[in-house]
Each structure stands twice: as C-alpha cells, then as structure tokens.
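Subject: Model handover

Hello,

Here is the model we talked about. Please open it alongside this note; my findings follow below.

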Amino acid sequence: MLARSHSDHEGDDHGIDLAPMLDFVLNLLIFFIITTSFVKETGVVVTKPEAQTAAHKESGNILIAIRENGELWMDRRQVELRDVRANIERMHAERPEDTVVIVADKSAKSGLMAKVMDEVRLGGIKDVSVAAAAPAG
Amino acid sequence: MRLRRHGQGPSLESSTGIDLAPMLDFVLNLLIFFIITAVFAKEVALSMNRAGGGATAGTAESDSLPISIMANGDIWLDNRVVDVRAVRANVERAHATKPKLGVLVIAQEEAEAGVVIQVVDQIRLAGVDNISFSSAAGTGG
C-alpha cells in the first residue's frame, strides 16, 4: 500500500515488492538456524560459587546441576548418579561437539562433584567444566 | 499488502508470477521460532582437569603442588593451614620458582564445592592454568 506512491513503476499493482525483504529474512533465518544450540537446562536453581577467573564457555550446553542436598538434575529431570553416564552417552552421540558444565551448589559435596565429573568423562565427553558466577560489582 | 488481494479479485495477481506471500509467512514463522529458541547467554564456567582417584585417570602428577581441602573447609598447603586469600600468594611464590608447576587440588568428599571453586579461582589468579582436581575419601589428613 505504501508503494503506490511510486506510480511510474510497472510492477506496482501488487503493492510492495517482497523479494528483497524475503532475501533479508531468509538470511536472518539461516543465521539463526546455524547459530542456534539447544541448551539442555537443568530445571533447578542453585547458588553458584563466585569466581573471578570464570570465562564464558562457548559450547557448554549440557548442564548438570548438583543441588545442596545431593540431587542431580539434568535436562529438567532429576537423575541418579548411575544414570548420568547413559544420558551423557546419548547426548554425545546426538551432538558430539557438546561440552558439559556442572552447576554445583556452593554447599554441595565436592566428592559428588568429582563423581559426576568421572561419569561424564566415562560417557565420552572430556571437556567438563564447573559453573561459577562472576563476582558482583 | 497481503490483505489487499482478497478484495481485488484474481485479475491483478496473475501478472507477476508466483505469489510469495504464503512462503513469506512460513519463513517468518520459522524465523520467529529460531529467534525465540536461540540462547545468547552462555554459561560462565571454570575448566579443570580430573586427576587420580577416580575411574578416569587424568594428567601426570609428577611436578605438582598439592593443596588439600578438608571437610570442615580448612585448606592445607605445605603442611600448614592457610586462608583462602593466602592461597594466591603461596601459589604465586611457587609458580615463580617453578614456572611449569601444576597444582593438584585434593578435596575430601565432604568438602563443599564452593570452597573448591574458590581455591581453583585463586590458583588461576596466581597464573597457574594446569589445575587438577582430585577427591579423597575418609577423614585422615
């Protein structure tokens, strides 16, 4: 309707020419398809310890939460320690470039954290890191 | 623009080839889906190696400075208890004498993960990147 003002153009009886917009939108679409990575959220909130040297993990998108009381959560489900390995193996088969971030609560047991790290490594993912929060202020 | 063609009949449409509007609708829906599901906030994390003790052996521990974390939160380094804030200075001093030094963090199973993260953070601040994490059972020390 806006393009009606350009009355000297021959193809204007259909309103706006959609082709350039379509090109642009398709480019956007391809960009988002390529860059999208489905992060497997844990489904629980934990208090992360603070660390000044924590760095952004680019491909850390399998999250395993360890709650204060020792519960393990991954992919919005509570899992047992012995199930972690099978879950990781399945996810590793689906997307081999995924890495694991363990989101341990500040007051979770470090022994459990070590066991989870072992299970993840047994599941085939060698790149394991531990989540931390950037210090406030 | 899309609404207009319903009112004006088919005579205007036939002049310019394929009607792109339905395709555009579909593509826009796809676009919105991917924009919504895109995650821009990446997790902030510390990476550390896993050493000894467990089922998956890590790197060699030949030349590493051991730091023990007890279940009650005490940090042992060089046979004495140190504060979290003193870890950095101690590791820096050791790192200055031996630049290839790695640090082995041995935490008791009951030690809190938060303390471990703090210690690893301090070690990284001291300039050592080769950090191994090991877990020890029992209460001896």
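How many contacts beyond four places in sequence does the model have for residues 53-59 of chain B, where pLDDT stays under 50? The count is 15. Residues 1-11 of chain B also stay under 50 in pLDDT, and for them the model has ten such contacts beyond four places in sequence. Keep in mind that this is a predicted model. Where pLDDT is low, the predicted coordinates should not be read in detail. Chain B as a whole has a mean pLDDT of 77, with 75% of its residues at 70 or more. For the model, ipTM is 0.70 and pTM is 0.70.

The interface

Chain A gives 53 residues to the contact and chain B gives 47 residues. Between them the two chains bury about 4,700 Å². Carbon and sulfur atoms account for 66% of that area. On the side of chain A that touches chain B, 31 residues are nonpolar, ten are polar and twelve are charged. Helix H1 (19-35) and helix H3 (110-122) of chain A are among the elements that give two or more residues to that side. So are strands E1 (55-56), E5 (99-104) and E6 (128-131) of chain A.

What about charge pairs? There are zero salt bridges between chain A and chain B. Polar contacts do cross the interface: eight residue pairs, with both residues at pLDDT 80 or more.

Seven strands form an open sheet with mixed pairing. The order is E1(A)-E1(B)-E6(A)-E5(A)-E2(A)-E3(A)-E4(A). Its edge strands are E1 and E4 (77-79) of chain A, and each pairs on one side only.

Look at strand E1 of chain B, residues 44-47. This strand runs antiparallel to E6(A), and three bridges join the two. Ser129(A) has Ser47(B) as its bridge partner. Val130(A) is partnered by Leu46(B). E1(B) also pairs with E1(A), again in the antiparallel sense, over two bridges. There, His56(A) has Val44(B) as its bridge partner.

Within chain A, strand E2 (residues 60-66) and strand E3 (residues 72-74) run antiparallel and are joined by three bridges. Ile64(A) is bridged to Met74(A) in E3(A).

The sheet in chain B

Chain B has an open sheet of six strands, in the order E2-E7-E6-E3-E4-E5. The pairing is mixed here too. Strands E2 (49-50) and E5 (80-82) of chain B stand at the edges. Each has a single partner strand, so one side of each is left without a neighbour in the sheet.

Strand E6 (residues 102-108) and strand E7 (residues 131-136) of chain B are a parallel pair, with six bridges. One to check on screen: Ile106(B) has Ser134(B) in E7(B) as its bridge partner.

Salt bridges

Over all chains the count is seven salt bridges. One of them joins Arg90(A) to Glu94(A). The closest N and O atoms of this pair are 3.9 Å apart. Both residues lie in helix H2 (residues 81-94) of chain A. Arg90(A) and Glu94(A) are four residues apart, about one turn of the helix.

Best wishes

Conventions: Residues are numbered from 1 along each chain as its sequence is written. Chains are lettered from A and ligands numbered from 1 in the order in which they are written. This is a predicted model: local features need pLDDT of at least 70, side-chain atom pairs count only at pLDDT 80 or more; totals for chains, interfaces and linings use all residues. Side-chain values use heavy atoms; hydrogens and water are left out. Contact means heavy atoms within 4.5 Å. Buried area is the accessible area (1.4 Å probe) that two parts lose on being put together, summed over both. A salt bridge is a side-chain nitrogen of Lys or Arg within 4 Å of a carboxyl oxygen of Asp or Glu. A polar contact is a pair of N or O atoms within 3.5 Å; within protein, one must be able to donate a hydrogen and the other to accept it, and residues adjacent in sequence count only if both atoms are side-chain atoms. Ala, Val, Leu, Ile, Met, Phe, Trp, Tyr, Cys and Pro count as nonpolar, Asp, Glu, Lys and Arg as charged, and the others, Gly among them, as polar. Two strands pair if DSSP finds at least two bridges between them. pLDDT is the predictor's confidence in each residue, from 0 to 100.
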